[in-house]
Amino acid sequence: DRNAAKMVVDLYRPQRWKGRIFKYLARLIVGTGIAPRKSGHVGLAEKPLVEWLEAASKAGTVGFLGCNPVHGWRCVLAGVLPEDGSRFVAKLGLGEGAAGIRRESEILNAIHKTHLGVVRPISLDGPTGAVEHGDDWALLRLDHLPGGSPGSMGDPNVAHLLDGWLDDKNTRLGDHAWSKGLLGRIPAGAAPDGWHERMHSHTIRRALVHGDFAVWNLRAVEGGLCAIDWEWAVKSGVAGIDLVHGLRQEAVMVRGLKPDDAVEWMMREAGGPGWAGYLEAAGWAGDLRDCLRLGLLHSHFHTKNDSKELLKV
């Protein structure tokens, strides 16, 4: 089904030129019909547990986009429901990967009504809410967001989104369990004298933390941006984490900068006028290097994006 195939291709948000060429060729192949259509459905001996997904599978209107295996056995499904032509996106987790899907469902159910720019989980019948699951699998159905992604972290809408996730409370990093645990990943002997004491003494605004904040996890919607992929989220984290992780992803994965150049670029971008208001409200004004250090610790230890060399710089 060409419409379903185009939809799956458009879930891929390339930032570098090789990815953009790949996406262009994929759309060309789908649109011109060069790729042959091979229909077929493998029947199961027992009744499938997710009837709406089975219906799309039988109609040939469902496809998948693979995800990072470092994050577990999870993939993204997308397609068109044959009965009404509506589009769907769902995340499937298998085995140990199912736990992350259940966690994301719980987070989204808790925050999508209280915070702007959060993708909405589709409510399903039954006590499990938006997630359907068995003993070794979980399936989360979400709104399909067709809008494009911002070109860079410098887009004013990105700062506006993070502004909206700031809490009205401050916290001392040494008294905040999440940030204290993150700082504790660096042993005392591996940091300069006084580093832990200084980091613990910072008083920073609490904030909703997305956790894997990057331009490709943002979609344009009416009135601004909406973020997807919330499996690393922290409802009551500290401000600045998403800014630093987003800059890190753009510097390394989009711009392909070496560690020295990447840190210089991150410092320059974060220190520019576009982020001045956010950093001041967050409590990081004048402490930009420490803000980068905390954010890179999150990137390295929580989301498994190797940032050892960036932290050395």
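Okay, some housekeeping. It's a prediction, with local features needing pLDDT of at least 70, side-chain atom pairs counting only at pLDDT 80 or more, and totals for chains, interfaces and linings using all residues. Numbering runs from 1 along each chain as its sequence is written, and side-chain values use heavy atoms, leaving out hydrogens and water. Helices (H or I, at least four residues) and strands (E, at least two) are DSSP runs, numbered from the N terminus.

Let's start with α1, residues 2–11, and α2, residues 17–32: their axes come within 9 Å and cross at roughly 175°. Axes here are lines fitted to C-alpha atoms, for helices over the stretch in contact, with angles from 0 to 180 degrees between N-to-C directions. So the pair is roughly antiparallel, a term for angles over 145 degrees. In contact terms (heavy atoms within 4.5 Å), Arg2, Ala5, Lys6, Val9 and Asp10 of α1 meet Lys23, Ala26, Arg27, Val30, Gly31 and Thr32 of α2. That contact splits into four nonpolar, two polar and five charged residues. For the classes, Ala, Val, Leu, Ile, Met, Phe, Trp, Tyr, Cys and Pro are nonpolar, Asp, Glu, Lys and Arg are charged, and the others, Gly among them, are polar.

Next, α5, residues 156–164. Which of its residues are buried? Val158, Ala159, Leu161 and Leu162 are, where buried means under 20% relative accessible area, exposed over 50% and partly exposed in between (1.4 Å probe, protein chains only). Down the axis of α5, the buried residues fall within an arc of 155°, so they line one face; the arc uses directions from the helix axis to the C-beta atoms. Pro156 and His160, on the other side of α5, are exposed. The cover over the buried residues of α5 includes β6, β8, β9, α8 and α10.

Speaking of α8, its axis comes within 8 Å of that of α11, crossing at roughly 70°. That makes the two roughly perpendicular, the label for 65 to 115 degrees. Ile241, Val244, His245 and Arg248 of α8 make the contact, with α11 residues including Cys291, Leu292 and His298. As for α11 itself, 11 of its 14 residues are buried.

Last, two non-glycine residues with positive phi. Asp229, near 60°, lies in the loop between β9 and β10 and is partly exposed at 24% relative accessibility. Lys304, near 65°, sits in the loop between α11 and α12 and is exposed, at 52%.

Key: Angles under 35 degrees count as roughly parallel, over 145 as roughly antiparallel, 65 to 115 as roughly perpendicular and the rest as oblique.
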